[in-house]
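Subject: Structure handover

Hello,

Here is the structure I promised to pass on. Please open it first, then read my notes below with the model beside you.

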Amino acid sequence: MRLAVSEFNEQKQLIKWWRDLKTIKKIPAHYHLICTDTAAKRTKGQQSVYKAMGSEAGTPDLFLAVPKKFSSGLWIELKKPGREKEKDGGLTKEQSQRLQDMRELNYEAVTCYSAIDAQIIISSYLGMKLT
């Protein structure tokens, strides 16, 4: 069953795919796809707490903590399908800048517009066939 199209549901679908791969041992257990949790809706009080803890605007949604010869890891900004048609691909100025900063620091940094797009990027990054 396909969930309603939203960034939240796309990310849930992607994480389920990732966990399924780990369960069937298609990827090593020490490979981690980490949610940065920077886009969650919060009260002003919660926002100040998260900012004090180091949360920064524009941080991509996910980080694949797997260094490769060509990259220190993979940052993914996930948008819901259709946002690619918007001005600047639906990215804020801070998101665009953060992705560029990460590229300059030898990370892969991409914007994906669906869970499937992200699965393709991750599979390619890891040098594996999409399952």
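Start with two strands. Strand β3 (residues 74-78) and strand β4 (residues 108-112) run parallel and are joined by five bridges. Helices (H or I, at least four residues) and strands (E, at least two) are DSSP runs, numbered from the N terminus. Two strands pair if DSSP finds at least two bridges between them.

A word on the basis of these notes. This is a predicted model: local features need pLDDT of at least 70, side-chain atom pairs count only at pLDDT 80 or more, and totals for chains, interfaces and linings use all residues. Residues are numbered from 1 along each chain as its sequence is written, and side-chain values use heavy atoms, with hydrogens and water left out.

**The strands**

L74 stands opposite E108 in β4. E77 stands opposite T111 in β4.

F63 stands opposite W75 in β3.

Is β3 enclosed or open? Five of its five residues are buried, so β3 is largely enclosed by the rest of the structure. Buried means under 20% relative accessible area, exposed over 50%, and partly exposed in between (1.4 Å probe, protein chains only). In a regular strand the side chains alternate between the two faces of the sheet. In β3 both faces are covered. L74, I76 and L78 are on one side, with W75 and E77 on the other.

Now look at V110 in strand β4. V110 counts as buried, at 17% relative accessibility. V110 and E77 are 33 residues apart in sequence, but 6.2 Å apart in space, C-alpha to C-alpha. Contact means heavy atoms within 4.5 Å. Leaving aside neighbours within four places in sequence, V110 is in contact with L74, W75, I76, E77, L99 and I121.

**The cores**

In soluble globular proteins, nonpolar side chains tend to be buried together. A nonpolar core is a set of buried Ala, Val, Leu, Ile, Met, Phe, Trp, Tyr and Cys residues joined through side-chain atoms within 4.5 Å. The largest one here has 21 residues. L14, W18, L33, L64, I122 and L126 have the most contacts inside this core. At least two of its residues come from each of α1 (7-23), β2 (62-64), β3, β4 and α4 (115-126).

Take L126 as a case. Not counting residues up to four places away in sequence, L126 touches W18, I27, Y31, L64, V66 and K68.

**Helix α4**

The twelve residues of α4 should span 16 Å, and its end C-alpha atoms are 16 Å apart, which agrees.

Which residues of α4 are buried? They are A115, A118, Q119, I122, S123, Y125 and L126. Seen down the axis of α4, they fall within an arc of 160 degrees, so they line one face of the helix. That arc is taken from the directions from the helix axis to the C-beta atoms. The cover over these buried residues includes α1, β1 (33-35), β2, β3 and β4. Just after α4, G127 takes a positive phi of about 70 degrees.

- Q95 lies in helix α3. Q95 counts as buried, at 12% relative accessibility. Leaving aside neighbours within four places in sequence, Q95 is in contact with G58, E77, K79 and G90.
- K25 lies in the loop between α1 and β1. K25 is not a glycine, yet its phi is positive, near 60 degrees. K25 is exposed, with a relative accessible area of 71%.
- N106 lies in the loop between α3 and β4. N106 is not a glycine either, but has a positive phi of about 75 degrees. N106 is partly exposed, at 40% relative accessible area.

Best wishes

Definitions and conventions: Expected span 1.5 Å × (residues − 1).
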